[in-house]
Amino acid sequence: MNLAHIHLLLNHFPSIGTIIGIGLFLFSLLGKSDDLKRASFVIFVGIALITIPTYMTGSAAQEALCMWPPNTAPTTPCTVPGISQAVIQTHEGAALLAFAFMQMTGAFAWLGLWQFRRMARPPVWNLTVILLLSMITLGLVTRAANIGGEIRHPEILSVPGTPTTGEPLGRELGAFVLDTSWMWPTCETLHFIGLSLLIGVVLLIDLRMLGVMKNVSFPVLHRLLPWGILGFGINVITGMWFFMGSPGQYTQNVAFQWKIVLVLVAGANALYFTVFDEAWALGPGDDAPLTAKVAAVSAILLWVGIMYCGSMLPFIGNSF
C-alpha cells in the first residue's frame with residue numbers, strides 16, 4: 001500500500017461525511033434538537049480533520065499516476081496515455097478550494113461545540129454560518145470528487161478534451177511561497193506562534209487533569225480553548241503553504257506521514273474536553289476521573305510526537 005491507495009481510501013469521506021453532517025444538522029434545526037446539532041458539529045470537525053490527509057495524499061497519487069520519480073516536483077506534464085493533464089490540474093484547483101471551505105466549516109462547527117458549553121447553545125449567527133458554509137462545501141467537494149473521477153474515467157467527461165488555462169491555484173500559491181524571499185520565513189514564524197498558542201493551552205488543560213492547579217475549575221480553563229484552536233488553525237494554514245511550496249519533499253517523508261497521523265488523533269483527542277461531561281464537571285479542588293487523566297496523558301504524548309516528527313523532517317526520509 002502506498003499514499004495513492006490512501007488517497008483512494010479517503011477521497012469519499014469529505015463528500016459522504018458532509019452529506020451526513022448536513023442531514024443531521026437540518027434535522028436538528030427542524031426538530032430543535034441540541035443533541036443532533038452537537039452530533040452534526042462533531043461530524044463536521046471530524047471530516048475537516050480527515051480532509052487534511054485526503055488533500056495531501058492527492059499529490060502522491062498524481063506522482064504515482066503520472067509515473068514521476070518520488071520526491072520530485074511535477075515539472076513536466078503527465079504523458080501517460082489516457083491521462084489528461086488538463087483534468088488533473090482542474091481537479092487539483094477544485095480540491096484546494098473544497099479543502100479551504102471544509103476547514104472553515106470545521107472551525108465554526110468546533111466553535112459551536114464550545115458555545116454549547118459556554119452559552120447553553122450556539123447563537124443564531126453561528127448556526128447560519130455553519131449552514132451556509134456546509135452547503136457551499138458540499139457543492140465544492142462534490143465538484144472536486146466528480147472531476148477526480150474524470151481523470152481515469154473519460155467517459156463521464158462533460159466536455160471531452162476541454163483544456164484548462166494557467167496553473168492550478170495551489171501551484172501558483174506554492175510558487176509564491178518559494179519565489180518570495182520573505183514568505184517562507186514569515187510562515188515559519190507564524191507556524192511557531194501557532195504552535196506556542198496550541199501547546200500552551202493544551203499543557204494547561206492537561207496538567208489540570210493530572211492534578212496540577214487543582215484550585216482552578218475546568219470551566220475557567222475552558223475559556224482558553226479557542227486560543228488553542230486558533231493556534232491549530234494557524235498551523236494548518238502555514239503548514240499547507242509549506243506543502244504547496246514543495247509537495248514532493250513531504251509526500252514521501254515518513255516523518256511527515258507520521259506527523260499527519262498524530263495530528264488526526266490529537267484533533268480527535270481534543271474533542272473529549274469539549275464534548276464529554278467528565279472534565280466539564282471539575283470544580284476547584286476536584287480530582288479528575290481516570291478517563292480525563294488518560295486523555296490528558298495521551299494528548300501530551302501526541303503533541304510531543306507531533307513536534308518531534310516536525311523537527312525531524314530534514315533528517316528522517318532525506319526529503320530536504
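From the N terminus on, the elements of the protein chain run α-α-α-α-α-α-α-α-α-α-α-α-α, which amounts to 13 helices and zero strands, where helices (H or I, at least four residues) and strands (E, at least two) are DSSP runs numbered from the N terminus. This is a predicted model, in which local features need pLDDT of at least 70 and side-chain atom pairs count only at pLDDT 80 or more, while totals for chains, interfaces and linings use all residues. Residues are numbered from 1 along each chain as its sequence is written, and side-chain values use heavy atoms, with hydrogens and water left out.

**Confidence**
- The protein chain averages a pLDDT of 85, and 88% of the residues score at least 70; pLDDT is the predictor's confidence in each residue, from 0 to 100.
- Over residues 160-165 the pLDDT stays under 50, and for this stretch the model has five contacts beyond four places in sequence, a contact meaning heavy atoms within 4.5 Å.

**Burial and contact range**
- Of the 320 residues in the protein chain, 46% are buried, that is, under 20% relative accessible area, with exposed meaning over 50% and partly exposed in between (1.4 Å probe, protein chains only).
- Among contacts between residues at least 6 apart in sequence, 77% join residues at least 24 apart.

**Nonpolar cores**
- The largest nonpolar core has 32 residues, of which Tyr 55, Met 56, Phe 232, Phe 256 and Trp 303 touch the most other members; such a core is a set of buried Ala, Val, Leu, Ile, Met, Phe, Trp, Tyr and Cys residues joined through side-chain atoms within 4.5 Å.
- Helix 3 (34-66), helix 4 (85-119), helix 7 (183-209), helix 9 (225-245), helix 11 and helix 13 (290-311) each supply at least two residues of this core, and its largest share, seven residues, comes from helix 9.
- Leaving aside residues up to four places away in sequence, Trp 303 touches Leu 198, Ile 199, Val 202, Phe 232 and Ala 266.
- A second, separate core of 27 residues includes Leu 113, Ile 130, Ala 279 and Ala 296.

**Helix 11**
- Helix 11 (residues 254-275) has 22 residues and reaches 32 Å from its first C-alpha to its last, close to the 32 Å expected at 1.5 Å a residue, the expected span being 1.5 Å times one less than the number of residues.
- At its start, a side-chain oxygen of Asn 253 reaches to within 2.9 Å of the backbone nitrogen of Ala 255.

**Cysteines**
- A search of the whole structure finds zero disulfides, a disulfide being a pair of cysteine sulfur atoms within 2.5 Å.
- Cys 187 is buried, with a relative accessible area of 2%, and Cys 309 is also buried, at 10%.

Notes. Polar contact = N/O pair within 3.5 Å; in protein donor to acceptor, adjacent residues only side chain to side chain.
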